Amino acid sequence: MSPDAFRLRTGGRIDRTSRLAFTFDGRRYKGLAGDTLASALLANGVKLFGRSFKHHRRRGIMGFGVEEPNALVTIGNGAAAEPNTRATMVELAEGLEATSQNRWPTLSLDLQAVNGLAGRFLGAGFYYKTFKWPPAAWTGLYEKVIRHAAGLGRASHAADPDRYDKSFAFCDVLVVGGGPAGLMAALVAGRAGARVTLADEMPALGGRLRHEDRRIDGRGAMLWLGEIERELAALANVTLLRRTTVFGAYDHGTFGAVEQLASDDGRLPRQRFWQISAGAAVLATGAIERSIAFAGNDLPGVMLASAAQGYLFEHAVVAGWRPVVFTTNSSGYATALDLVRAGIAVQAVIDNGPVVDSATARALHEAGVPLFRHAVVERAVGGRAVTGVVMRDELGGRRELECDQLLVSGGWNPTLHLAAHRGGRPRWDDQLATFLPPPADGELLPVGAAAGRFALEDCLADGAMAAVDLCRRLGHAARTPTLPGTDEAEPYRITPLFAVEGAGAKAFVDLQNDVTAADLRQAAAEGYRSIEHAKRYTTLGMATDQGKTANVTGLAILAEALARPVAEVGTTGFRPPYTPVAIGALAHHHRGPHFAPVRRTPLHAAQVVLGAVFFETGLWLRARYVPRPGEDMAAASRREVQAVRAGVGVVDVSPLGKIELAGSDARAFLERLYCNGMATLRPGRARYGLMLREDGMVLDDGTIWCFGSGHFMVTTTTANAAAVLSHMELHHQHFWPELDVQFASVSEQWAGLAVAGPRSREVLQRVVDEPALDDASFPFMAVAEGRIGGVVCRIARISFSGERAFEVFVPAGHAEALLDCLLEAGATDGITLYGLEAMGTMRIEKGHVAGAELDGRTTPRDLGLERMQIRKKPHIGAALRDRPGLTDPARPMLVGLVPVDRSERLRAGALLVPEGAEVVQANDLGRVTSIAWSPGLGHPIALGFLAHGTERLGQRVDAVFPLYRERVTVEVRQSCFVDPEGERLRG
Amino acid sequence: MRITCPHCGSRGLTEFSQQGDASPLRPDDGAGEAAWVDFVHFRDNPRGEHRELWQHVLGCRTWLVVTRDTATHAILRVEPAADVRGRPRGRT
Amino acid sequence: MVELRERPVILRPATTAEGSRCRVAERLGLCLTQVIARPGQERELARILGQKLPERPGTAMTIGDGTVMALRPRDWLLVRHDPVGRRGGLAVDLRRRLDGVALVIDQSHGRVVLRLEGAASRSVLQKGIDIDLHPDQFGPGAAAQTGIAGMAVLVHAVADEAFDLYGNRSFAESLLDWLLEAGREWGIVLEASGT
């Protein structure tokens with residue numbers, strides 16, 4: 001067929017000089033620049049666009065824009081394939097590849113159409129009633145079949161190659177919709193100096209002005225549109241966002257929108273997610289036409305009347321040369337007249353309402369178009385497409401009319417979704433036979449058709465007045481403009497009709513989910529009286545079009561079946577997004593390596609060069625081990641531990657939380673934060689500290705360094721650094737604001753290296769200018785501010801490894817140089833850079849608790865640190881520490897564990913039960929928290945919590961890991977495996 | 001959602017972290033177990049006005065008491081937690 | 001005595017782009033000192049420092065070659081170009097002078113300072129910052145503590161088309177990645193670190 005078989009020779013806003021080639025289901029077609037995929041295919045005479053979801057019925061185009069329920073296609077192929085795209089919203093481009101969905105093997109020969117034969121059994125809620133017996137068939141057979149048949153398009157399952165972007169935007173007035181009402185609002189607000197953002201989902205502004213032949217201010221509406229657009233574009237305080245859908249209205253003036261961007265420029269992303277904060281918003285989103293439920297109303301060739309106008313004026317495309325118009329309202333007449341004027345032979349206008357004399361009716365009559373009142377279309381007839389209608393008059397007489405297209409106008413529904421997103425419920429209007437937005441809340445004003453005011457002059461007036469109102473409220477002087485005049489038009493009138501009785505064949509309500517009028521009546525009969533229940537039972541409005549053309553019709557049918565007024569049945573809740581939003585747009589930058597920020601220590605680059613292997617812990621990248629050629633983690637960390645215990649090693653401890661404090665009440669503040677005493681902590685000394693939560697559980701552990709009488713630095717665990725800081729800030733600001741204490745995080749300022757081992761002092765002294773590090777000057781737990789290479793540093797003699805050790809903090813920028821110096825200075829002592837794996841092994845050997853033991857469920861007593869708690873002083877956690885549950889002797893206590901069979905491996909998280917006992921609650925004795933292979937002892941070791949643990953030394957229990965069906969018998973030991981007297985530490 | 005921090009102005013929700021109900025006052029140290037259990041573990045869950053502790057973690061790090069309607073999300077009042085009593089009057 | 005040289009935070013090579021409308025570079029050699037006054041000592045602090053201190057959080061005052069930013073009540077960040085002072089001496093000296101008056105904390109190494117400049121710089125930042133950055137709302141001198149892609153950042157508008165971003169050092173690479181991605185549509189380039 002010719003590419004222009006259904007294109008008028010003149011008119012339209014396409015570029016007739018620019019031909020674009022594209023394919024649909026592998027067949028080549030040609031369209032024009034300015035076409036959508038839908039208009040181009042219609043121009044080529046294509047009638048069949050898809051197969052319906054359940055029954056696989058042949059479907060054509062119903063609508064013009066986002067409301068389209070049928071023509072869902074997949075655009076592109078491979079990784080970039082995008083399924084479930086409405087052909088009406090795809091701008092035609094050269095080389096576009098589109099394929100239809102939900103059919104096999106082809107669109108015209110779809111074997112799954114056999115479902116249609118089973119139609120009787122596929123009524124509302126059929127999946128709740130079927131596929132139940134036999135139960136065994138579910139996973140083997142039913143699930144497979146259903147999975148294959150379910151869904152519309154198919155996702156590519158490959159990584160999305162497109163880029164997405166996000167930006168915030170701020171404005172005084174957000175105008176949603178660029179039709180006449182929105183344009184007036186933007187103009188008035190823009191002229192008043194307010195910051196205006198206008199967003200419209202289409203590529204061009206104008207809304208329905210583009211789909212009708214109207215005159216504004218004595219000239220064509222498109223000329224008026226052009227002028228307004230130019231003025232708006234010239235205003236610096238106005239931002240125009242085309243191809244941008246505002247998909248959600250959120251709290252406090254926040255709106256979500258998605259903009260489609262041109263794909264030519266490689267620098268631009270495909271879509272941009274806008275998070276807009278608006279002082280106020282104008283909802284100028286117009287209205288969407290609805291259909292009527294009658295037999296055969298889903299045949300290809302049945303289209304919304306307003307859509308035909310759109311294709312006519314925008315694309316010069318007619319979907320049929322001999323249409324019949326079936327309408328309940330005045331707008332159907334306008335459609336018919338527009339078609340007649342374009343030379344289309346309208347076969348008849350069928351109106352279920354009474355005779356009303358109007359200029360349009362008279363013009364149609366003069367053009368020879370038969371007008372039938374008090375009549376309905378009982379059914380549409382045709383096999384592959386509509387070929388005629390059966391009309392029924394009020395007396396029941398039937399007459400068949402031939403046609404090649406049936407245009408239906410059941411009425412108009414204001415597009416009120418955004419107004420209802422924050423929970424307000426729409427109100428039924430009997431006069432307009434539709435729902436109107438909930439009462440305006442001051443932040444979002446519906447205007448024009450979105451508020452149920454369909455006349456063009458009302459749209460213009462509403463937009464302008466809303467802008468004046470909002471501007472005044474926001475403090476901008478807005479002048480009420482002289483409103484442009486419009487040509488005469490019939491006032492809107494409607495005789496409500498939602499469904500036509502009888503005729504036997506299916507009358508569809510929700511075309512995308514194949515929900516019929518009979519399904520809704522069946523739901524009512526089965527007792528689903530609430531619209532929320534009926535929606536989910538029938539799946540009305542649950543497809544990707546969210547029932548834009550179906551919901552109102554559906555609930556009116558339900559209301560009638562329940563014999564209740566529509567106003568009482570009401571609508572279901574409205575939730576964002578208004579149209580589907582790609583997850584990529586919401587994720588934008590945050591995918592792959594950028595899913596979350598990554599934190600690197602000041603020694604990251606240096607350790608990379610030295611061959612360290614990193615792992616993620618929280619947001620941090622930490623060096624886990626530093627292998628020599630041929631070593632795996634086990635071998636490397638084993639070597640590292642031995643090197644430290646025999647000589648000297650150095651490890652990056654930079655991510656530790658560090659908080660600096662001062663003030664006359666600094667010490668008192670610390671006394672309240674830690675459960676152990678701080679009163680006797682002198683300048684030049686550090687102390688281990690245990691911080692509790694108010695409920696008595698351990699929050700964190702760390703060290704407190706005292707530099708001067710009121711000057712301290714505390715360290716925290718890496719994982720809890722942020723939590724401890726917030727904890728301190730809360731208590732100081734809210735609970736004890738009278739305390740004279742000042743503090744701030746210095747975690748990032750200081751890089752940290754722990755130098756550990758019997759040779760640590762000798763090596764470090766070669767590098768440190770001051771202080772002197774001999775035993776007399778710098779005993780165990782001493783701290784000092786010193787100098788290394790003239791750079792200020794902080795040094796403490798603290799050990800995590802159990803060896804003599806020093807923690808050296810230098811300003812982060814000097815960390816790399818310090819590491820170099822240490823490696824050089826310690827070369828003769830075999831200094832070894834080690835990682836977290838070795839560090840963990842050593843602290844487990846020493847029974848030092850860390851994150852796995854401080855999981856928020858353990859008290860100082862559980863950890864064997866009860867004696868640290870000072871009873872006399874008030875501190876956080878003191879009040880609730882003596883509750884029976886926390887002092888129960890059967891409570892699991894920290895112990896060491898060793899597998900009886902040294903070759904067996906333990907797992908962290910294993911449960912402890914009596915030897916040989918069943919793994920049930922009653923036998924729960926505790927758990928394994930940390931595991932390691934001890935180079936010093938030559939076998940696996942673990943830490944854990946065991947009921948009556950300290951009384952059971954030498955006894956055996958089982959460590960079980962049911963997930964892997966493992967059971968290992970272990971012997972209970974002291975938690976400190978190596979050098980329990982701590983001689984290596986303090987020497 | 002947006003919260004107007006008294007120091008920083010109107011900011012988006014992601015800059016804040018919520019702690020919970022600000023109404024319970026931290027008991028005196030010697031107040032007894034019952035008072036402390038109440039403070040630590042028990043909370044009302046009202047529909048309507050709720051006074052809550054929030055911290056402006058990605059901003060000035062000030063702790064705030066925010067009066068928020070739990071049903072409508074309207075923010076009725078924001079004050080620095082330092083200006084709101086956190087414990088009963090009297091000795092520490 | 002050993003030599004403890006310093007390295008910049010960002011060590012990536014500079015990039016170029018056609019028609020670039022913005023650029024980013026690390027600023028080196030700055031001393032950042034956080035000063036928290038004891039209650040009632042604000043005036044004494046200003047006297048010792050010899051300059052007026054901005055009161056309202058989110059305001060920055062540039063006096064000579066130094067800038068003072070108010071972070072929160074009684075809490076300021078002093079910024080001045082002083083490469084030698086970065087070895088710690090500046091903060092130690094200031095701490096002595098302010099003993100009893102304020103807590104002085106050296107933050108010179110804890111932050112990466114990125115200078116973002118160019119016609120598109122404001123638009124780049126608006127992509128990640130949920131604050132109105134319109135020139136009328138965030139003109140030269142404005143400062144804000146906020147977040148970009150979940151990372152805490154102090155933003156200081158230095159000029160109409162220039163911003164200093166103070167981010168935590170450990171996040172530097174991620175922050176730079178975000179800037180380079182956000183600025184891609186305007187041909188953002190990374191320049192060699194400068195003072």
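How far apart do the C-alpha centres of domain 2 of chain A and domain 3 of chain A lie? In this predicted model, the two centres lie 29 Å apart. The contact between these domains takes 10 residues from domain 2 of chain A and 13 residues from domain 3 of chain A. On the side of domain 2 of chain A that touches domain 3 of chain A, five residues are nonpolar, two are polar and three are charged.

Chain A is divided into domain 1 (15-126), domain 2 (164-288 + 414-473), domain 3 (290-410 + 493-569), domain 4 (596-655 + 749-857), domain 5 (657-746 + 858-878) and domain 6 (889-986). Domains 2 and 3 of chain A are each written as two segments, 164-288 with 414-473 for the former and 290-410 with 493-569 for the latter.

The axes of helix H7 (residues 305-315) of chain A and H8(A) come within 9 Å and cross at roughly 30°. An angle under 35 degrees counts as roughly parallel, and H7(A) is therefore roughly parallel to H8(A). The crossing in which H7(A) passes H8(A) is left-handed. From H7(A), the contact draws on A:Ala305, A:Ser306, A:Ala308, A:Gln309 and A:Leu312, while H8(A) contributes A:Ser331, A:Gly332, A:Thr335, A:Asp338 and A:Leu339. By class, the contact of H7(A) with H8(A) has four nonpolar, five polar and one charged residues.

Helix H8 (residues 330-341) of chain A also packs with helix H9 (residues 359-366) of chain A: their axes come within 9 Å and cross at roughly 40°. H8(A) and H9(A) are therefore oblique to each other. H8(A) passes H9(A) in a left-handed crossing. Here H8(A) presents A:Tyr333, A:Ala334, A:Ala336, A:Leu337 and A:Val340, and H9(A) answers with A:Thr360, A:Ala361, A:Ala363 and A:Leu364. Eight residues of the contact of H8(A) with H9(A) are nonpolar and one is polar, with no charged residue.

Chain A also meets other chains. Its contact with chain B takes 18 residues from chain A and 18 residues from chain B. Helix H20 (residues 721-735) of chain A gives the largest share of the side of chain A that touches chain B, namely six residues. That side of chain A divides into seven nonpolar, six polar and five charged residues.

The contact with chain C brings 43 residues of chain C together with 39 residues of chain A. On the side of chain C that touches chain A, the elements giving two or more residues are strand S2 (30-37), strand S6 (102-106), helix H3 (121-128) and helix H4 (172-182) of chain C. The largest share of this side, five residues, comes from H4(C). Its residues divide into 14 nonpolar, 12 polar and 17 charged.

What does chain C itself look like? It has four helices and 11 strands. Its radius of gyration is 17 Å, close to the 16 Å that the globule rule gives for 195 residues, so chain C is as compact as a globular protein of that length. Taken along the principal axes, the C-alpha atoms of chain C fill a box of roughly 55 × 50 × 30 Å.

Chain C is divided into domain 1 (23-27 + 110-190) and domain 2 (30-106). The centres of these domains of chain C, taken over C-alpha atoms, are separated by 23 Å. Nine residues of domain 1 of chain C are in contact with seven residues of domain 2 of chain C. Strand S7 (111-117) and strand S8 (143-148) of chain C each supply at least two residues of the side of domain 1 of chain C that touches domain 2 of chain C. S8(C) gives the most to that side, with three residues. By class, the side has four nonpolar, three polar and two charged residues.

H3(C) and H4(C), which both contribute to the side of chain C that touches chain A, also pack with each other. H3(C) passes H4(C) in a right-handed crossing. In this pairing, C:Val124, C:Lys127 and C:Gly128 of H3(C) meet C:Trp178, C:Leu179 and C:Ala182 of H4(C). The contact of H3(C) with H4(C) comprises four nonpolar, one polar and one charged residues.

Definitions and conventions. Residues numbered from 1 in each chain as written. Chains lettered and ligands numbered in written order. Predicted model: local features only at pLDDT ≥ 70, side-chain atom pairs only at ≥ 80, totals over all residues. Contact = placed C-beta atoms within 7 Å. Nonpolar A, V, L, I, M, F, W, Y, C, P; charged D, E, K, R; others polar. Domains from an automatic or database assignment. Axes fitted to C-alpha atoms, helices over the stretch in contact; angles between N-to-C directions. Parallel < 35°, antiparallel > 145°, perpendicular 65-115°, else oblique. Left-handed = near helix turned anticlockwise from the far one by under 90°. Rg over C-alpha atoms; globule rule 2.2 N^0.38 Å.
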